[in-house]
Amino acid sequence: VPSEASAGQAEAALDEVMAILATRTGNNFRHYKRGTVLRRLERRMQVTRQQNLAAYRDYLESHPQETAELLQDMLISVTSFFRDPESFEALAQEVATGSFRRLSTGAPLRAWVVGCATGEEAYSVAMLLNESTPGAVQHPAVQVFASDIDDRALAVARAGLYPEAIVADLSAARLGQFFNYEGGAYRIKKALREQVLVARHNVLRDPPFSRLDLIACRNLLIYMDRELQTEVLEIFHFALNPGGLLHLGNAESADLLTDHFTAVDKKHRIYRA
């Protein structure tokens, strides 16, 4: 059992590691769930062969290049096209009703994909909005804001070039409509790429996008403590038009703010502002 003194030292070292990361990258992970942070730190400690958190803090201090590696590990993203297909199916049905739209026809459909990583989710949302808009309404333009704090992932999202393995996640119809095959890889067609604005944006620090019809933020809240989840949900409520939709990950909910959101499809984590 660690003594109180060594536990206190580990706690202080953890705080200092988080402070160094925040100072050097501008990204603050203090409100991320402790277990998540420690698991990711342990990986870096193994790679750099540091015995404990205090030793790793010293290593980080003296090796500035380690900062980028640590940030990369903190940002681990698991993503694919139409991840959780049933959930996307439910969202498509909700979008097809058109009930979340403001009545001003001709206004573009605006969506924000938060924590977009390498872009699969953002392009999935863009495809879905192109496919699901009610035929009765004059087909509006689609604008998707795709944001993340991981520059490496954003570069992939901007390029819109994905390995051949994506055929497992996409129908032949979607591959044909939205992708060009380029020597062993698939690139998002220009028309769809132009609808998706990929931007470096920190949801906790930068001003939110606004007047949105849909926000998709899947599997980001699970890493945050309650206080931070509430703050982020309030930002989303501000950013959405009244009646706009919020699509969360399977293990997340907007139940912390029942006065701001009502469940449209609780099973598939779709809420209305």
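Colleague: What does arginine 218 form a salt bridge with?
Modeller: Glutamate 121. This is a predicted model, and in it the closest N and O atoms of that pair are 3.1 Å apart.

Colleague: How many salt bridges does the count come to?
Modeller: The count is 14 salt bridges. One of them joins glutamate 86 and lysine 267, at 3.7 Å from N to O. That pair links distant parts of the chain, 181 residues apart. Glutamate 86 is in helix H5, and lysine 267 is in the loop between E9 and E10.

Colleague: What about lysine 266?
Modeller: Lysine 266 forms a salt bridge with aspartate 255, with the closest N and O atoms 3.2 Å apart. Lysine 266 is in the loop between E9 and E10, and aspartate 255 is in the loop between E8 and E9, so the bridge ties together parts 11 residues apart in sequence. Both are partly exposed: lysine 266 has a relative accessible area of 46%, aspartate 255 one of 37%.

Colleague: Which residues are joined into a network by salt bridges that share partners?
Modeller: Glu16, Arg57 and Asp58.

Colleague: Which of its residues are buried?
Modeller: Ser87, Phe88, Ala90, Leu91, Ala92, Glu94 and Val95. The buried residues of H5 pack against helix H6 (120-132) and strands E7 (212-217), E8 (240-248), E9 (262-265) and E10 (270-272).

Colleague: What comes just after H5?
Modeller: Glycine 98, with a positive phi of about 75 degrees.

Colleague: Now the rings. How many aromatic pairs?
Modeller: The count is 11 aromatic pairs. Take tryptophan 112 and phenylalanine 209: they are edge-to-face, 5.1 Å centre to centre, with 75 degrees between the planes. Tryptophan 112 is in strand E1 (residues 109-114) and phenylalanine 209 in the loop between strand E6 (196-200) and E7, so the pair ties together parts 97 residues apart in sequence. Tryptophan 112 and phenylalanine 209 are both buried.

Colleague: And phenylalanine 145 with phenylalanine 209: why is that pair stacked?
Modeller: The ring centres are 4.4 Å apart and the planes are at 10 degrees, so the pair is stacked. Phenylalanine 145 is in strand E2 (residues 142-148), 64 residues from phenylalanine 209. Phenylalanine 145 is buried.

Colleague: Which residues do ring pairs link into a cluster?
Modeller: Phe81, Tyr123, Tyr162, Phe179, Tyr181 and Tyr186.

Colleague: Last topic. What lies over the face of tyrosine 223?
Modeller: Arginine 40, at 4.9 Å from the ring centre. Elsewhere, the charged end of arginine 174 sits over the ring of phenylalanine 82, 3.8 Å from its centre.

How values were computed
Residues are numbered from 1 along each chain as its sequence is written. This is a predicted model: local features need pLDDT of at least 70, side-chain atom pairs count only at pLDDT 80 or more; totals for chains, interfaces and linings use all residues. Side-chain values use heavy atoms; hydrogens and water are left out. Buried means under 20% relative accessible area, exposed over 50%, partly exposed in between (1.4 Å probe, protein chains only). Helices (H or I, at least four residues) and strands (E, at least two) are DSSP runs, numbered from the N terminus. Contact means heavy atoms within 4.5 Å. Rings of Phe, Tyr and Trp (its six-membered ring) pair if their centres lie within 6.5 Å; planes under 30 degrees apart count as stacked, over 60 as edge-to-face and the rest as tilted. A charge sits over a ring if NZ of Lys or CZ of Arg is within 6 Å of the ring centre and within 35 degrees of the ring normal. A salt bridge is a side-chain nitrogen of Lys or Arg within 4 Å of a carboxyl oxygen of Asp or Glu.
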